[in-house]
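Biologist: Could you walk me through this model, and start with the words you use for it?

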Amino acid sequence: MPLNPEQQAEIDELRATPQPTLRAVSEGMEAHLYKAYDVLDHGFIRVIDYMGDDAAITQAARVSYGKGTKSVQNDEGLIRYLMRHWHSTPFEMCEIKLHVKLPVFVARQWIRHRTANVNEYSARYSILDREFYIPSPEHLAAQSEINNQGRGAALQGAEAAQVLEILKTDSNRAYDNYEQMISEDGQAGLARELARMNLPANIYTQWYWKVDLHNLFHFLRLRADSHAQYEIRVYADAICKVVADWVPAAYAAFEDYRMGGVNLSGKGVDCLKRMLAGETVTQETSGMSKGEWREFRALLDD
Ligand SMILES: Cc1cc2nc3c(=O)[nH]c(=O)nc-3n(C[C@H](O)[C@H](O)[C@H](O)COP(=O)(O)OP(=O)(O)OC[C@H]3O[C@@H](n4cnc5c(N)ncnc54)[C@H](O)[C@@H]3O)c2cc1C
């Protein structure tokens with residue numbers, strides 16, 4: 001169950017008691033506030049709080065540019081200008097606080113993003129629920145033959161069934177042993193902080209995650225990318241939908257310049273110019289390594 005009854009009751013109460021405020025409000029974000037969006041088999045994201053909107057970004061930018069911003073026609077143009085020129089601090093004026101429920105192996109990738117504030121569910125203090133991520137069959141993929149960090153086609157037939165069975169059996173056996181070790185029924189009961197060590201990385205954890213918009217965009221750029229692992233990408237995709245409604249102009253600029261744009265090396269720019277001038281450029285004449293050339297061609301051929 002993604003949300004437990006206490007969490008659902010808290011959400012219902014918060015949504016039933018709106019407060020008048022003089023603070024800037026994003027109508028798009030108000031619609032998402034407190035709502036939980038399911039991710040994977042037991043996970044979710046929900047917005048707990050936020051600060052700022054598109055106007056907060058331009059307001060901050062105008063402090064630094066003053067009259068200079070008169071040359072920029074409107075807020076959307078100014079936001080695109082800021083994004084294009086990596087003037088990132090105005091985006092830090094907006095913040096979001098999320099409640100996220102996610103498998104531990106996803107949390108381990110996520111926590112690498114250090115520029116956020118995190119408060120995680122304590123498995124020293126509380127007992128973890130019997131909730132494990134078990135991939136749906138179409139995501140039970142084989143090891144990629146061309147990318148050590150990727151996956152290939154979905155496993156089929158008996159092999160898929162066997163892998164699913166192993167995942168379920170191991171998860172349940174580990175949890176049965178966890179329960180047995182912490183039980184105080186006729187025994188002292190092992191400390192929770194120790195008993196958790198036998199639990200597998202597909203068990204779910206939860207945290208509050210607060211981050212500013214600039215660093216959130218950095219996270220989304222890496223984790224909503226098609227090369228990111230599926231299990232973290234689905235969280236990033238769910239967050240993208242919320243952010244698109246929260247700060248529509250900033251998100252549109254992010255999509256255009258960061259998600260849709262590409263970085264070219266000096267050699268890449270040189271090759272592009274030569275190609276546009278009609279020259280047939282090959283890997284041998286490009287000055288690039290085979291890997292660089294493959295990635296460069298993929299950009300042009302996509
Ligand atoms: C596809 C992919 C594969 C990956 N594979 C691996 C892997 O195999 N092994 C592995 O260990 N990690 C791996 N990572 C994690 C990666 O190396 C980063 O740790 C992660 O993406 C977080 O990025 P970040 O440090 O830029 O983000 P944040 O921690 O949010 O930092 C944002 C920016 O702040 C600055 N910053 C933050 N803290 C510091 C600091 N202490 N010192 C200097 N500057 C700082 C940096 O400019 C940084 O880019 C992978 C990530 C991706 C997306």
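Modeller: A residue is called buried if 20 or more other C-beta atoms lie within 10 Å of its own, exposed if 12 or fewer do, and partly exposed in between, with the C-beta atoms placed from the backbone. Leu40 is buried by that rule, because 22 other C-beta atoms lie within 10 Å. Please keep in mind that this is a predicted model, where local features need pLDDT of at least 70 and side-chain atom pairs count only at pLDDT 80 or more, while totals for chains, interfaces and linings use all residues. Residues are numbered from 1 along each chain as its sequence is written.

Biologist: Where does Leu40 lie?

Modeller: Leu40 is in the loop between β1 and β2 (43–51), where strands are DSSP runs of E with at least two residues and helices are runs of H or I with at least four, numbered from the N terminus. Leu40 also has a positive phi of about 55°, although it is not a glycine.

Biologist: And Tyr34, what is its phi?

Modeller: The phi of Tyr34 is near 75°, again a positive value in a residue other than glycine, and Tyr34 sits in the loop between α2 (27–30) and β1 (36–39). Tyr34 counts as partly exposed because it has 17 C-beta neighbours inside 10 Å.

Biologist: Is Gly260 buried or exposed?

Modeller: Gly260 is exposed, because 8 other C-beta atoms lie within 10 Å, and its place is in the loop between α10 (248–259) and α11 (266–276).

Biologist: New topic: how many residues has the largest nonpolar core?

Modeller: The largest nonpolar core has 51 residues, and Ile57, Ile79 and Leu216 are among those with the most contacts inside it. Such a core is a set of buried Ala, Val, Leu, Ile, Met, Phe, Trp, Tyr and Cys residues joined through C-beta atoms within 7 Å. Its largest share, eight residues, comes from helix α9 (residues 230–246).

Biologist: Which residues are buried in α9?

Modeller: The buried residues in α9 include Ile232, Tyr235, Ile239 and Trp246. By contrast, helix α13 (residues 290–301) is hardly covered, since the count of buried residues among its 12 residues is one.

Biologist: Last one, which residues are around the ligand?

Modeller: They are Arg112, His113, Arg114, Thr115, Asn215, His218, Leu222, His227 and Ala228, each with its C-beta atom, placed from the backbone, within 6 Å of the ligand. This shell divides into two nonpolar, five polar and two charged residues, where Ala, Val, Leu, Ile, Met, Phe, Trp, Tyr, Cys and Pro count as nonpolar, Asp, Glu, Lys and Arg as charged, and the others, Gly among them, as polar.

Notes
Expected span 1.5 Å × (residues − 1).
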